Amino acid sequence: MISQLCYYVGVFLVVLSCLKFQTFWRKNNKSSSVGIPPGNRGLPFIGETLHFMAAINSSKGVYEFVRIRRLRYGNCFKTKLFGETHVFISSKESAKLILRNEGGKFSKKYIKSISELVGPDSLLCAAQQHHKLIRARLFSLFSTHSLSSFVILFDQLVIEATTSWKCGSLLIIQDEALKLACKAMCKMLVSIESGHELLMMQKDVAQVSEAMLAFPLRLPWTRFYKGLQARKRIMDILEKEISDRRRGIATSRVDFLQQLLANEDDKLEKGEITRLTDKEIKDNILTMIIAGQDTIAIAMTWMIKFVDENQEVLNELRKEQLQIEKKGGGSVYLTLEALSEMQYGSMVVKEALRMASVVQWLPRVALEDCEIEGFKMKKGWNINIDARSIHHDPTIHSDPDVFNPSRFPSESKPNSFLAFGIGGRMCLGKNMAKAMMLVFLYRVISSFKWKVIDSDSSIQKLALFTKLKSGYPIRLISVKDYTDKKTV
Ligand code: HEM
């Protein structure tokens, strides 16, 4: 009898302690989740990685993953990808706070596959002080003087390419733009300009770019592994080029590599910038080829698509171009001065960049616990600024899904145009990219009439940026004779 009583008291005490523990756990768990951004952390460890990979493999593109969750949870939500917490934020106030980073609480961080492919010394991945040193050195390459020479070089390349386009021929705009961008980058950076080496470079750079969003698995049949192999081949080419130049071969070449190797630089002597190691030079030449190739080709393709779909914009552009031609600056090639007169053209470029949002979010990592948008963020969390949704925010832009270049400059609000980022990590090639887009726009619009073969807006699978799946095929129906090309 007594033992039975003891048994029941024992059971009662165990149940009571369980209930107490449950209440305590719930209370504790609740208080620790207060202020954490909403979202679904998904399965243990892998979180929502499978959903993310599914979006990468779909024709809506990887951004669909973000778009769906933003609609579900609002302007700030969290998720778990590849074992890490990611927060996505879409407000220009937070963009300012995080990207301008005046308090030094954030650094840049890319997912593992990207950082391994561009290399640890790439400007894209270098942290804090290391980034500042490399950026200062590379910044000196992007002077107005070098931009002026680049504009002429790029115009020559565009004319050379477009002269071969014949009436009636079928063109894939994205492919043509990609070839042009790669040629321009290889020439400007390392003076690789023709033949087998250029073709190999194009192929390898494409393989590295394709591996950017691949699962970082180093097995011979994986995309990631093939990307790493392509990176190695590019590194070998750069290594040989550097060693040749050090032995005095081809040192008269005027390119970024030669400037990085040169000893006679005012700023170097004054200690304003530091010399880069060979490893830093190689990683950053590759970074610039990649950063300045896919992005620009995709932006150009969307721009032609938007212009074609808005004939009143096309007419306005042609009017501006006629005026510029009439003035005629006396140069066969477009110059930086001629580009500065293309005010409407510049608005078209800006609007195309806003609408296309080629780089859809800007990744950072929190260096300490902090509060953003009223939510607690923990040290080590990845904080991504959702540039695409800011570009399409109706409180910033009226009718944000309409292509309307005339919305600028009145709708230019601080921290709301993020196509090139803002703050200390802003795109180094920003002016170069805008100039390239203007040159391409000018030559295509003033020389051709075309018919679009496939206007589908589906996004290519596995692409890091908003790359059109169709590549935007067009058929040329009228070609202006280049021999009667006016001076500009
Ligand atoms: C339309 C074309 C382009 C777009 C949309 C674009 C966009 C961007 C964006 C969004 C960033 C990151 C900003 C951030 O995280 O805050 C970036 C970084 C960068 N871009 Fe571009 N870019 C373009 C063309 C170019 C070109 C032509 C080059 C030069 C060769 C270039 C070189 C770089 C470099 C070196 C960085 C790293 C800057 C740093 O971390 O300090 N980009 N770009």
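Guide: Two strands pair if DSSP finds at least two bridges between them; strands (E, at least two residues) and helices (H or I, at least four) are DSSP runs, numbered from the N terminus. The model is predicted: local features need pLDDT of at least 70, side-chain atom pairs count only at pLDDT 80 or more, and totals for chains, interfaces and linings use all residues. Residues are numbered from 1 along each chain as its sequence is written.

Visitor: Which residue in β8 is the bridge partner of proline 363?
Guide: Strand β5 (residues 361-366) and strand β8 (residues 382-386) run in the antiparallel sense and are joined over 5 bridges. In β8, the partner of proline 363 is asparagine 384.

Visitor: Which residue in β5 is the bridge partner of lysine 108?
Guide: β3 and β5 also pair in the antiparallel sense, over 3 bridges. Lysine 108 has as its partner in β5 arginine 364.

Visitor: Which strands are at the edges of the open sheet of 3 strands?
Guide: The order of this sheet is β4-β10-β9, with antiparallel pairing. Its twist averages 40 degrees from one strand to the next. Two strands pair on one side only, namely β4 (170-172) and β9 (448-452).

Visitor: Which residue in β10 is the bridge partner of lysine 451?
Guide: β9 and strand β10 (residues 473-479) pair in the antiparallel sense over 5 bridges. The partner of lysine 451 in β10 is arginine 475.

Visitor: Which strands does helix α8 touch where it packs on the sheet?
Guide: Helix α8 (residues 173-190) has a direction that makes about 60 degrees with that of β4. The strands it touches are β4 and β10.

Visitor: How many nonpolar residues has the contact of α14 with α17?
Guide: The axes of helix α14 (residues 294-309) and α17 come within 9 Å and cross at roughly 105 degrees. The two helices are therefore roughly perpendicular (65 to 115 degrees; under 35 is roughly parallel, over 145 roughly antiparallel and the rest oblique). Ile298, Ala299, Trp302, Met303, Phe306 and Val307 of α14 meet Val348, Val349, Ala352, Leu353, Met355 and Ala356 of α17. With Ala, Val, Leu, Ile, Met, Phe, Trp, Tyr, Cys and Pro counted as nonpolar, Asp, Glu, Lys and Arg as charged and the others, Gly among them, as polar, the contact has no polar residues, no charged residues, and a nonpolar count of 12.

Visitor: Is the crossing of α17 and α19 left-handed or right-handed?
Guide: Helix α17 (residues 343-356) and helix α19 (residues 430-447) pack at about 115 degrees with their axes 10 Å apart, and are therefore roughly perpendicular. A crossing is left-handed if the near helix is turned anticlockwise from the far one by less than a right angle, and right-handed if clockwise. The crossing of α17 and α19 is right-handed.

Visitor: In which loop does proline 409 lie?
Guide: The peptide bond from phenylalanine 408 to proline 409 is cis, with omega near 5 degrees. Proline 409 lies in the loop between α18 (387-391) and α19.

Visitor: What phi does phenylalanine 45 have?
Guide: Phenylalanine 45 lies in the loop between α1 and α2 (49-56). Although it is not a glycine, its phi is positive, at about 65 degrees.

Visitor: Which element of the chain has the lowest mean pLDDT?
Guide: The chain averages a pLDDT (the predictor's confidence in each residue, from 0 to 100) of 89, and 90% of the residues score at least 70. Where pLDDT is low, the predicted coordinates should not be read in detail. The highest element mean, 98, belongs to α17, and the lowest, 50, to helix α1 (residues 2-33).

Terms used:
Axes are lines fitted to C-alpha atoms, for helices over the stretch in contact, and angles run from 0 to 180 degrees between N-to-C directions. Two residues are in contact if their C-beta atoms, placed from the backbone, lie within 7 Å.
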